[in-house]
Amino acid sequence: MKNRVIKKVAVLGSGVMGSRIACHFANIGVEVLLLDIVPKQAAESADPAARNKIVNDALQFALKSNPSPIYSKKFVNRITTGNLDDDLPKIADCDWVIEVVIERLDIKQQVFANVEKYRKPGTLITTNTSGIPIHLMLDGRSEDFQAHFCGTHFFNPPRYLRLLELIPSPKTSPDVMAFLEDYGQRYLGKTTVVCKDTPAFIANRIGVYSIMALFHNVKEMDLTIEEVDKLTGPVIGRMKSATFRTCDVVGLDTLVHVANGLKENCKDDEANALFAIPDYVSKMVENNWLGSKTKQGFYKKVKTGDGKSEILSLDLDTLEYRSKKSAKFATLEVTKTIDDLKERTKVLVAGKDKAGEFYRKSFFGLFSYVSNRIPEITDALYKIDDALNAGFGWAMGPFETWDVLGAEQTIPMMEAMGLTVNAWVKDMLAAGCPTFYKIENGVKYFYDIESKGYQVIPGSEDVLSLEVIRDEKTIWKNSGATITDLGDGILNLEFHTKMNTIGGEVIQGINKAIDLAEASYKGLVIYNDGDNFSAGANVGMIFMMAVEQEYDELDFAIRTFQNTMMRIRYSSIPVVVATHNLALGGGCEMSMHADKVVAHAETYMGLVEFGVGVIPGGGGTKEFAARASDEYEDGVRINVLKKRFLTIGQAQVATSAEEAFELGYLRRGQDEWIVSRKHQLSYAKAAALNLANKGYSQPVPRTDITVLGKEGLGIAYVGADTMKAGHYISEHDQLISEKLGWVFCGGDLSTPTVVDEQYLLDMERKTFLELCTKRKTLERLQSIITSGKVLRN
């Protein structure tokens, strides 16, 4: 197979999905041609603006949406818009044409007939259909078109949801499928799942079954929507929006459309009756209570008499909105102290109350259903787990969950409930295979039904995964950190505290990892596979020391944190930090002191300490002052100072790794970002190895940092005073701003002066401690601890 390079993509259709798919290709550096129809009123117009109004309005609407579909506003320049009448010939220059028009077979076939007039042979052509059978779209198409055609089902929003379902037709070339599988993973950052051409494919078939079963169970078990959302959210490793809030976000009409399609097209499905729309859902659709798009669904946001906002919940019996009710279950109370999802799931399912009954009914029904979908929708069970994990945000797929509870242990309970288990599951147990997955010698296997034995999960052999190697390759651990041997002389340090916050156990882990690496290894990677890289320092620990006025202990803790960050910078081995999702406060400071950062594209990085009432105290303020010094030039250094100062003073958080470069948290030419989370650890290891193998020299602490003294201090003070006078900030915020300026400028030095890093670290630490004595700071710390919120601007 010859090398295929994707330089330019055409996206036909600029609706909610089309415009956002275009943005995601622009994110990864691909040139995009985005086309849509000409408005009827502009059919006779020669004005391009009038003829392109639909596509231009759609793109602008997408760019204004929150969360944003684009990594950086400057990437929008990679998208060229046009219309299907005037600009379709331009697809001749494209390497991939993606159709994303309305879900009508006749319209899609018409589009493909026109595409074939201009498409060059060998160009990929795919459809983003979510349900129309792929093979029906090929009538009248050439052999080359058919060989390069398949379904590419992106999930909305394409930037954030990792699933990309690939659906071949009988005529699709195997080379095309192999290319798209790899491209989707490596370039688009997707979990690519090859599906059979069956109704709703894999994720929506199982996911919508799960939701519809719940819609029926909620009435049978007399549960409220608050109780269901409490039971089906993070406690079982699902999204915070759980079930009913997710339905509101997706749109009840969309869900009903898919369910009706499954009811109509899956007559032989043993759960066909569950796809019937319950009366209360039908009434909601009739009332146009579709969720966020119509401002009310299962939840409704209203203004109270005093002008405050309140979120009301729908009573499913009366179909009237009421104030939200608390949801409490004894089983959930028991699991509050169980952080491990697998152990928590066992306790939940064993519960003796209504919660336990709900979980048994939900999980056992799901297990029965997925067992019967093989080989109908896929031949490989791991694809079902991959699809649900990536498309619906499940931390554990159905078969992964079944392994936790045990197939042999649960089958008798399932059968006692009248549920059937497909024969292949019993054959698996009879063959001496007790689980759906196993890990052996650092490789993950799945049970293959055809061979009746375990097979390596395709594509996993050459990708590093902590889940797979952790048990066999761990060389040291404590309660908050684990050090693992990645091979080839590279160690990995991971955190596993709550939200991966940095406390004493993590600091110990960092120093131990560097000790081990300096003694016997080539380099260190700091990476974890948790939900977030790190939400920052342990705020609770800081609050307790401050409120108890244990200032010596707090001084020691901050000094230790600073010294550890400096050790990351100045150890004798290269340290690569690989971030993802939240990298705030101390997590950001750790990144800023690494030799190299390999950030996942979805890294949300920032120094947010200002919101607590302090300044960055783990080297972050010092590091920003040093980076500002490197940018100073005569005549413009005040502008540099102002930009860096405001980044910290406004607690700005990057909404992508690319924006982290723009804000100065990451360094051009030194740090990188990668779209594929699956390949991130492998790439970070290779980066550490490359630094070591080319000859790594231990850096020398800096003594060349220019601080501006009174020249910059005046700007900081005047700015803070102006903001306070305009009532934009509080008196305490003004104090923090002035203290930040004091450190940033090196104090009230009479002229710009060259200082070393320790000079700034000492000022940073003393200022941090001084702010911790302030009542307002303690109030903010307590508020954050009480609310459980993460500081994020």
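The legends below accompany close-up views of a predicted model.

**View 1**

**View 1. The three-stranded antiparallel sheet.**
Three strands make up an open sheet in the order β12-β13-β14, and their pairing is antiparallel. The strands β12 (437–440) and β14 (453–456) form the edges, each of them pairing on one side only, and neighbouring strands are turned by 40° against each other on average when direction is ignored. Strand β13 (residues 443–448) is joined to β14 by four bridges in the antiparallel sense, with F446 having Q455 in β14 as its bridge partner.

**View 2. The second largest pocket and its lining.**
The second largest pocket holds about 670 Å³ of space and is lined by 34 residues, of which Y209, S210, A213, L214 and S362 lie nearest its centre. Two helices, α7 (203–220) and α14 (354–371), each supply at least two residues of this lining. By class, the residues lining the second largest pocket divide into 18 nonpolar, twelve polar and four charged.

**View 3. The largest cavity.**
The structure holds one cavity of 30 Å³ or more, and the space in the largest cavity comes to about 30 Å³. The residues that line the largest cavity are I236, R238, T345, F363, M396 and T401, a set with three nonpolar, two polar and one charged residues.

S169 lies in the loop between β7 (163–168) and α6 (174–186). Because its relative accessibility is 6%, S169 counts as buried, the limit for that class being under 20%. When neighbours within four places in sequence are left aside, S169 is in contact with I134, L138, Q146 and F149.

**View 4. Two cis peptide bonds.**
Most residues other than glycine have a negative phi, and most peptide bonds are trans. The peptide bond from N156 to P157, by contrast, is cis with omega near 0°, and P157 lies in the loop between β6 (149–154) and β7. The peptide bond from I374 to P375 is also cis, with omega near 10°, and P375 is found in the loop between α14 and α15 (381–392).

**View 5. Residues other than glycine with positive phi.**
D222, a residue other than glycine, has a positive phi near 55° and is placed in the loop between α7 and α8 (225–231). Because its relative accessibility is 53%, D222 counts as exposed, a class that begins over 50%. L319, which is not a glycine, has a positive phi of about 55°, and L319 is found in the loop between β10 (309–315) and β11 (320–323).

Key: Residues are numbered from 1 along each chain as its sequence is written. This is a predicted model: local features need pLDDT of at least 70, side-chain atom pairs count only at pLDDT 80 or more; totals for chains, interfaces and linings use all residues. Side-chain values use heavy atoms; hydrogens and water are left out. Buried means under 20% relative accessible area, exposed over 50%, partly exposed in between (1.4 Å probe, protein chains only). Contact means heavy atoms within 4.5 Å. On a 1 Å grid over the protein atoms alone, a cavity is a set of points where a 1.4 Å probe fits but cannot get out, and a pocket is an open set with protein on both sides within 12 Å along at least five of seven lines; lining residues have an atom within 4 Å of a point. Grid points are joined across faces, edges and corners, and a volume is the space filled by probe spheres set on the points. Ala, Val, Leu, Ile, Met, Phe, Trp, Tyr, Cys and Pro count as nonpolar, Asp, Glu, Lys and Arg as charged, and the others, Gly among them, as polar. Two strands pair if DSSP finds at least two bridges between them. Axes are lines fitted to C-alpha atoms, for helices over the stretch in contact, and angles run from 0 to 180 degrees between N-to-C directions.
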